[in-house]
Amino acid sequence: MKFDINYTFDALPRLLEGASVTLQVALLGFLFSVTLGTTIVLIRNILNWRILNGIIAIYVSFIRGTPIMIQIFLIYYVLPVTGLNLGAFTAGILAITLNSAAFVSEILRGGLASVAKGQFEAAKSLGISGFAFWGKIILPQTFIVSIPPLVNEFTQVLKATALLSIITVVELLRVSQQIYSANYHPVEVLLGTFLIYFALCFAVSRSASLLEAHWQIKRG
Amino acid sequence: MSIDFSIFIEYLPFLLVGFWLTIKIVAGALLLGLPFGLVLALGRKSNFFIPRFAATSFIEIFRNTPFIIQVFLFYYVLPFYGIRFPAEYVGTVALAAFGSAYFAEVIRGGIDAVPKGQLESAKAIGMSDWQAMQNIILPQTLPIILPPLTNQTLSLLKESAILSTITVQELTMSGIRVQGETFRPFEVFIMVAILYWALNETIATFMRWLEKRANRERGSNLHATRLKKAKRLETLT
């Protein structure tokens, strides 16, 4: 068998369709995970209940200590047993969200720690509290500090979506598997897939400095 | 849903066999990946274009693509050229290649963190680039890079689960097989998860302890020098 680049070109239109699904899953999952991650950080800081903090700590440790593949299996296979029958797509997004939220909450915790103490004190002495305190003063600064690790986490999410092919979500990798199981040219097809993933992740990771520059100007 | 505890006892030995292979694969990937990561890091810091370009592209390509596709490419490309290895070896090499890209970035960060004056003074007393790197810079990077290297090792442990997709009989694959026999996904995958989690926490705790000890020693030295300085100041005033 000889390497024939034409198989890559032939597969390209379908691969790009798959790539759009990959992007959708990654964006949705990341959006939910940032929401959940922020909620976790707020629960930790506003409520600060010992039991709740303990549960969060165990959740974060579990997510960070086990392979995401096992987490995907747990959600995909176990939820139907409990009677909750989600499709592969929803289960996949749920798995990505639950996984990424743990990492996002740790990133935001680090970001929060780097917000100057004076900001908290100044806001409090001005009598700002509740929503305005967190939503307008502390969280924006936390997010701006956290841009580089958050962008990095998004590339992690993008790469993790490839694992959803195992639970039959028809994203980029699954599409390429469908193509090469029909034409028996895995090397050419996978090369195309590989390059698309690389282009996506590389573009995202390079955008970190752009985003940072953008927000820096707005602040100044 | 009721939990069937008998599965835990019945299938644990089978899973432990897979777990042992997981540990061996990760150890093998570390053994191959760390030296190669060092080579890549030095290549990236090189003054010459070709090694710098080669190392940078390798690192960027492996860091910016999903590991599962790298595994598939290794698994399909090698037989394409007539090279046939058992899946475990292909998996270990793939994991080592993936890991080395991350190790290289960690090592590079460590080299950058060593103050510039160290390299300059090493050169001033007549050391070559290579001698300075070997005797002055690299030993100083070690305490800096140990915590991130631990993190990367733990992430290799987690990524090794993906090798189950190319039929390597490691922990995850064993779990999938037990699930296929028993149809009890919760018990099986929780058991697998706990095994990974336990190893992960054990390594992390041990390395934290090691780090704390190293810091304490360095800290006490720092304390001693500060005391000396304070005494000298006292005599001056």
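## Core and chain contact in a predicted model

The largest nonpolar core holds 122 residues. Those with the most contacts inside it are A:Leu173, B:Phe67, B:Ile68 and B:Ile69. Helix 4 of chain B (residues 87-113) gives the most to this core, with 14 residues. The model is a predicted one.

Now the interface. Chain B and chain A bury about 3300 Å² between them. Carbon and sulfur atoms account for 81% of that area. On the side of chain B, B:Asn64, B:Phe80 and B:Trp197 lose the most area to chain A. Together they make up 21% of what that side buries.

| Chain | Residues in the contact |
|---|---|
| Chain A | 40 residues |
| Chain B | 34 residues |

Polar links are also present. Between chain B and chain A, 7 residue pairs are in polar contact. The interface has 1 salt bridge by the rule used. A:Arg206 forms a salt bridge with B:Glu60, with the closest N and O atoms 3.3 Å apart.

Which helices of chain B each supply at least two residues of the side that touches chain A? They are helix 2 (49-63), helix 3 (67-80), helix 7 (171-182) and helix 8 (185-236). Helix 8 of chain B provides the largest share of that side, 10 residues. By type, the residues on the side of chain B that touches chain A are 22 nonpolar, 8 polar and 4 charged.

Conventions. Residues numbered from 1 in each chain as written. Chains lettered and ligands numbered in written order. Predicted model: local features only at pLDDT ≥ 70, side-chain atom pairs only at ≥ 80, totals over all residues. Heavy atoms only, no water. Core = buried A, V, L, I, M, F, W, Y, C linked by side-chain atoms within 4.5 Å. Buried < 20%, exposed > 50% of the residue type's maximum accessible area, 1.4 Å probe, protein only. Helix = DSSP H or I, 4+ residues; strand = E, 2+ residues; numbered from the N terminus. Contact = heavy atoms within 4.5 Å. Buried area = accessible area lost by both parts, 1.4 Å probe. Salt bridge = Lys/Arg side-chain N within 4 Å of Asp/Glu carboxyl O. Polar contact = N/O pair within 3.5 Å; in protein donor to acceptor, adjacent residues only side chain to side chain. Nonpolar A, V, L, I, M, F, W, Y, C, P; charged D, E, K, R; others polar.
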